[in-house]
Amino acid sequence: MTVLKEMQMETTSVLFDKLTEYDYEQIVFCQDKSTGLKAIIAIHNTTLGPGLGGTRMYHYKNEQDAITDVLRLSRGMTYKAAISGLNLGGAKAVIIGDPRTDKSEAYMRRFGRFVENLNGKYITAEDVGTTTKDMEYIKMETDHVSGLPEIMGGGGDPSPVTAYGVYLGMKACVKEVYGTDSLNGKKILVEGVGKVGSHLVELIAKEGAKIMVADVNDDALARMAKEHNATVVSLQDVFDQDMDIYSPCALGATVNNDSIPQMKCSIVAGAANNQLAREERDGNLLLEKGILYGPDFLINAGGLINVYTELHGYNRDIAMAHTETIYTVTQEIIKKAKTEQIPTYVAANKIAEHRIRSIGNISANYK
Ligand code: NAD
């Protein structure tokens with residue numbers, strides 16, 4: 001009994017150390033016996049506005065993995081919202097469970113009630129393992145939900161908006177490296193041609209890019225080859241290709257100490273979250289190799305901008321217009337990174353932190 005108590009104390013103190021280190025505001029553990037719901041909501045920072053971030057449902061191996069994920073993801077949302085000029089803070093939720101078997105109307109509505117209890121400090125949306133249908137159930141219990149279907153006044157699938165932002169971020173990088181932002185004739189390899197990647201291929205094909213595609217899904221590859229004349233490359237040969245731009249649009253961590261030395265490109269710009277396996281190491285490796293990196297959390301922010309727009313009455317034109325700012329913000333970050341000789345992701349972090357601090361200061365002066 002004593003040992004157990006000591007272990008619990010230790011775990012609590014480790015968790016609080018972590019919360020203090022990165023200055024998290026609030027963590028909510030939610031459990032409901034009748035539906036079997038186990039969820040964690042992490043609110044990292046609400047200086048700029050309510051914390052908005054999707055609810056991820058995943059069959060985590062253990063609770064520690066779920067806690068680590070929700071802490072990492074919620075902090076990332078703070079930076080993504082801040083750099084995108086949104087009046088939002090950073091938060092995220094995870095549900096520990098199997099999205100294929102554990103969901104029910106009652107389960108999602110119970111989760112919705114936990115969101116409601118936070119009185120708008122947290123706004124939820126879709127993420128891996130949750131769908132617009134789940135958002136409809138959550139909406140029955142709370143208004144603090146975004147990412148609803150179009151028929152309910154929502155923005156629907158955010159992927160085309162995300163792809164548009166990635167395309168503009170990519171063009172800003174091209175302008176820096178080649179002096180013009182035209183993609184005509186540029187050799188671009190898109191890894192992952194799902195919802196975002198396929199829309200991106202459509203945009204870059206219109207500009208006359210020479211497109212290569214790689215994916216685990218042969219049907220998706222065949223469609224890209226047929227519709228956009230893309231060359232199919234096998235996954236193990238991705239980094240053997242001679243390309244101008246590598247665009248990771250599938251999984252994270254494909255930019256790492258193994259892939260970077262093999263890369264034959266001048267730009268990395270894609271949609272995937274957490275592209276750098278280890279931010280500090282890989283950000284520096286790219287810098288040393290002279291490869292320009294369009295920070296993922298900036299250039300893939302179109303999806304967040306889309307759900308943010310929904311909070312004020314959805315309008316696709318407004319979402320697209322706001323997404324267009326990704327071009328100039330990418331330019332601003334590149335300039336800062338060059339002047340200070342730092343990796344672009346560090347420049348982006350600095351600009352985000354500066355915005356949070358300065359808005360925090362004016363808010364404090366109002367009180
Ligand atoms: P998706 O599931 O529709 O597409 C992912 C594609 O990657 C699929 O075609 C899949 O077959 C392929 N894939 C899976 N494993 C692979 C592997 N090992 N190697 C190569 N290809 C693989 O997802 P999506 O919505 O297009 O999102 C793509 C990425 O962008 C994800 O990392 C996601 O987190 C990120 N993102 C998406 C949005 C959005 O609006 N959908 C917004 C921001 C960030």
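Buried means under 20% relative accessible area, exposed means over 50%, and partly exposed lies in between, using a 1.4 Å probe and protein chains only. Start with Cys249: at a relative accessible area of 11%, this residue is buried.

Some ground rules come next. This is a predicted model, in which local features need pLDDT of at least 70, side-chain atom pairs count only at pLDDT 80 or more, and totals for chains, interfaces and linings use all residues. Residues are numbered from 1 along each chain as its sequence is written, and side-chain values use heavy atoms, with hydrogens and water left out.

**Stop 1: cysteines.** A disulfide is a pair of cysteine sulfur atoms within 2.5 Å. How many disulfides does the count come to? It comes to zero. Now select Cys30. Its relative accessibility is 3%, so Cys30 counts as buried.

**Stop 2: aromatic pairs.** A pair of aromatic rings is described by the distance of the centres and the angle of the planes. Rings of Phe, Tyr and Trp (its six-membered ring) pair if their centres lie within 6.5 Å; planes under 30 degrees apart are stacked, over 60 edge-to-face, and the rest tilted. The count comes to three aromatic pairs. Select Tyr58 and Tyr60. Their ring centres are 5.1 Å apart and their planes meet at 70°, so this pair is edge-to-face. Is Tyr60 buried or exposed? Tyr60 is buried, at 9% relative accessibility. Tyr58 is partly exposed, at 46%.

Move to Phe239 and Tyr246. This aromatic pair is edge-to-face, with 5.0 Å from centre to centre and 65° between the planes. Both residues, Phe239 and Tyr246, are buried.

**Stop 3: charges over rings.** A charge sits over a ring if NZ of Lys or CZ of Arg is within 6 Å of the ring centre and within 35 degrees of the ring normal. Select Arg110 and Phe114. The charged end of Arg110 is over the Phe114 ring, 4.2 Å from the centre. Then select Lys186 and Tyr178. Lys186 lies over the face of Tyr178, 4.3 Å from the ring centre.

Stop 4: Most residues other than glycine have a negative phi. Select Asn119. This residue is not a glycine, yet its phi is positive, about 55°. Asn119 is exposed, with a relative accessible area of 67%. Finish at Asn274. Its phi is also positive, about 55°, and Asn274 is not a glycine. Asn274 is partly exposed, at 40% relative accessible area.
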